[in-house]
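Good morning, colleagues. Please bring up the sequence and the structure, and I shall speak briefly about aromatic rings and their surroundings.

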Amino acid sequence: MIGHELGGRYQVIERIGGGGMALVYRAHDILLNRNVAIKVLRSQFVHDEEFIRRFRREAQSAASLSHSNVVSIYDVGQEDEIHYIVMEYIEGKNLNEIIKERAPLQVDESVRIASQICDALDHAHQNQIIHRDIKPHNILIGRNGRVKVTDFGIARAVTSTTITQTGSVVGSVHYFSPEHAKGVTTGEKSDLYSLGIVLYQMLTGSLPFLGESPISIALKHLQEEFEEPKKLNPLIPQSVENVILRSMRKNPEERYTSAKEMLQDLETCLLPERRSESKVDFHDEYDEDKTRIIPAIKPLQRGAGSRNGGGDRMMREEDVYPVAKGKKKWVGPTLWIGLTLLILIAMFSVVWYVKAMLDVPEVAVPNVINMTVEEAKIELNEVGLIIEEPLIQEYNPNFAEGIIFDQSKPKDTLVKKGTSIVLSVSTAKPMTEMLDFSGMTVEEATKALIELGVAENRITPDERNSSDVPVGQIITQDPLPKSGFDPATVLVTLIVSKGEESIDMPDLTNLTEKEAAAKLEEVNLKLGDVKEESSFTIDKGKVTKQWPYDTGTPVAPGTKITIYLSTGFPPEALEYTFNLPVAPTQNGKKTKIRIVYADARNNGENQEWGTRTIGKSQVLSVNMVLAPNKDGNVSVYRDGEFFETYVVNYMDAKNNTVPIPELVGEPTAEPTVQPTEPPATEEPATDPTIAPTEPGDTGSNENSNVNQTGLVDTKAKGKEKSGK
C-alpha cells in the first residue's frame, strides 16, 4: 500500500495506525497539495456486500458533519477491492497515548477534553449520527490542544455477526454501554456512557471494568458497579465525579437526556460554587435491571368456594394463608427448582458453546524474517497462521527488496491458531525526485543538490555552446528532471552554456585585403572596416593589425573584423645607403667581413646584412631606413671577431653629413713571394633582401682611390624620400 496512489491523487506515504476494521495511512493529496489520513477497510470485510453498503452510507453521513472538534471527511472511494475514506490529517497524538504517558491527567485538562468531545457528540446527534465507538483511541489531540473526534459512523456498519470476530467490536468492550452489551439498539445515551468511561480513565488512569475475557467485561457492564473515581483519585471534585456517575448509569433513563445537557454540566462543574456539591443520589431499588435475591415462592391453596374444592396459586413465604390439607408441599418447589436447573443448564450450554468457539488451540509463531512473502506464507500456513493484508512495505537498507525484515509476533510466541501476522517487507530503496535546474547557475544547482544529499564531488559541470541560453546558465542535466535517483550513488552532470560556439581569431598580418577577406570568410567571420596606417615593418598594401581581436582570441561566429593596411613608410622616414670601406687584414689574403645592422624597420633590433670574403679593399653598401627618433647602427665583425659599431644619425643622414669611417682592417704589405693560390673570390651576401653595393660602385682598387693612409676616398650617398 505504501507508495501506492489511490484514486489517482492520494500518494500513500506511511502507515500510522489501525484498528479492528481498518488500517490508517498518512498520504499526500497531489491535487490539493496537502497531507490527509486514509482509512482502508481490512481485507476480510471487502466481500461483505452488506457491510460495504453500510460502510459507505455511514461514511457519507459522517462527511456531512462540519465541526471544529470533528475530523473532517474529505472523500470516500473504491479502487479494485480497496475501500477507503479520506479524512483530515491531525498532527499530534491520540488520547490513549496521552493517558498511557501521564495519567491521571489534571482535572481541568480532563474536563476540557471531555467538553470538546461532548460538543462534537452534540453536533453529531443533532445530525442523527450515533458514534457507538467512543474511546481514547478515537480521540485525537492536535499540537495546538484541539480535540478531534474521529471514526464517526464506522461502528454502526458493524453487524451483529461480527461480535465474535477477534479485534473488531470486542476490541472496544471496555467502553460498551450496557445496552450495547445486551445487543439491543443503541442511541445517543450510549455515546454518553462511553464518554463517562473516557473521563473516568483520564482522571484515574484505570478502566472501571476489567476481566479475563470480553464476555466477562460485558457482563460487568450489565451487573456490577464500578469503583467510584474519588476513591482512586481523591483530588477529583465531587461535581466532576457526579458527571461521571450520572453518565455511567446502567439505566439509560437515568443518564443525561442529551449531549448538550452533559456539556452544560461539564462547562460548570469546575465553578467554585459547584466543586463541593453533594454527591448525586440514585434510587437503585427501582432499577428493574439490577440483580437481586428474590424470596422463595411457594404454592398455597385458595379459600373454599373455588372450583374443584379450591385451586392452587403462588404465594410468597411471608403470606399467612394456611396450607390446604391433603396437598403435597413439595410440588411447587420442585417445579421451580427444575425450572431453575433448566435455565442454568441452558446458560452453561451457551457459555460452553461460546467458549468452544473462542477456545482455539495455540501454536508457536515461526521465524519468517529473511524470507520472501511466498516462503513466509507457506511457513505460516503449515502452523495454521495467516498473513495480514495489506503488508507493511517500507525500505530497509539491511534487507534486499521483497525480503521480510520484521514480523508482528516474535519467533516462538504462542498465539491462537488462525491469528493474522503482520509482516514488514523491504521495498526498493526509495528514489529521490530530481529537480529541474534549467536556467540556474552551477552554484545554485550545486547547493540544491547538496541539500538533497548528493556529495559535491559527484556533481560535474560540462560547458557547451548554446545560442539560446545565456552564458553561465544550465541548459540541461543528467539525470533529467523528475526522474528518480539515489543521492548516495548518483553522478550528476550539469550542462552549462558558454554562449555561442567561438572561433579562434586567425592571424591576418602581412596579408592583402583580398587575402584577409578570404581567410575571414573561411572561418565564418566577416571583413568589417578597412583602415590605413603607415608602417616601417609591413609592406604597402598589406595588413598591419586587426581589431578588436588578437590572434588566437575566441570570437563569436559572424563577427566583423576591422583591418589596417600599410601605406608604406611614414612621410618622415629616410632611406639611406651607408657605404662602409673594408680591406683584408693582409693584401692578397682572404678575410671574412660580417655586417649586422639595425634601423627603424626592426625597432632597433639587429639583423644580418651578410658576410663577404674579400682579398682586397672595397666598399660595402648597407641600405637603411631611418626615422627622427630611430637612428641606425652598423656593426662589423672581421674573421669572427667584433671590430667596430658605427652609428648613423637621422639628421646627419638627412643632411648628408654622416662621418665616413676609416678603412676597416688596414692591410699590411704583400709578401715578396707571391702565393700560388688562385685569386680570391667574393662570397655573396647571406641576406638576399639587402643588396650590397654593386661591384662597379664599391670597385676594386682600380675604381676607388685609396690614399696613403689606407682610407678609401668615397663619399656617403644619401637621399631623402617620402614614404611609399
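In this predicted model, K545 is placed over the face of Y564, at 4.7 Å from the ring centre. A further charge over a ring involves R594: its charged end sits over the ring of Y637, 4.7 Å from the centre.

I turn now to the rings themselves. How many aromatic pairs does a search of the whole structure find? The search returns seven aromatic pairs. One of them joins Y10 and Y84 in an edge-to-face arrangement, with 6.4 Å from centre to centre and 70 degrees between the planes. Y10 belongs to strand β2, residues 10-18, and Y84 to strand β6, residues 82-88, so this pair ties together parts that are 74 residues apart in sequence.

Are these two residues, Y10 and Y84, buried or exposed? Y10 is buried, its relative accessible area being 2%. Y84 also counts as buried, at 4% relative accessibility.

Another edge-to-face pair is formed by Y637 and F642, whose centres are 5.5 Å apart and whose planes make an angle of 65 degrees. Here Y637 is partly exposed, with a relative accessibility of 23%, and F642 is likewise partly exposed, at 48%. Y637 thus has two partners to consider: the ring of F642 in the edge-to-face pair, and the charged end of R594 over its ring.

Finally, which residues form one aromatic cluster? They are Y200, F209 and F226.

Thank you for your attention.

Methods:
Residues are numbered from 1 along each chain as its sequence is written. This is a predicted model: local features need pLDDT of at least 70, side-chain atom pairs count only at pLDDT 80 or more; totals for chains, interfaces and linings use all residues. Side-chain values use heavy atoms; hydrogens and water are left out. Rings of Phe, Tyr and Trp (its six-membered ring) pair if their centres lie within 6.5 Å; planes under 30 degrees apart count as stacked, over 60 as edge-to-face and the rest as tilted. Helices (H or I, at least four residues) and strands (E, at least two) are DSSP runs, numbered from the N terminus. Buried means under 20% relative accessible area, exposed over 50%, partly exposed in between (1.4 Å probe, protein chains only). A charge sits over a ring if NZ of Lys or CZ of Arg is within 6 Å of the ring centre and within 35 degrees of the ring normal.
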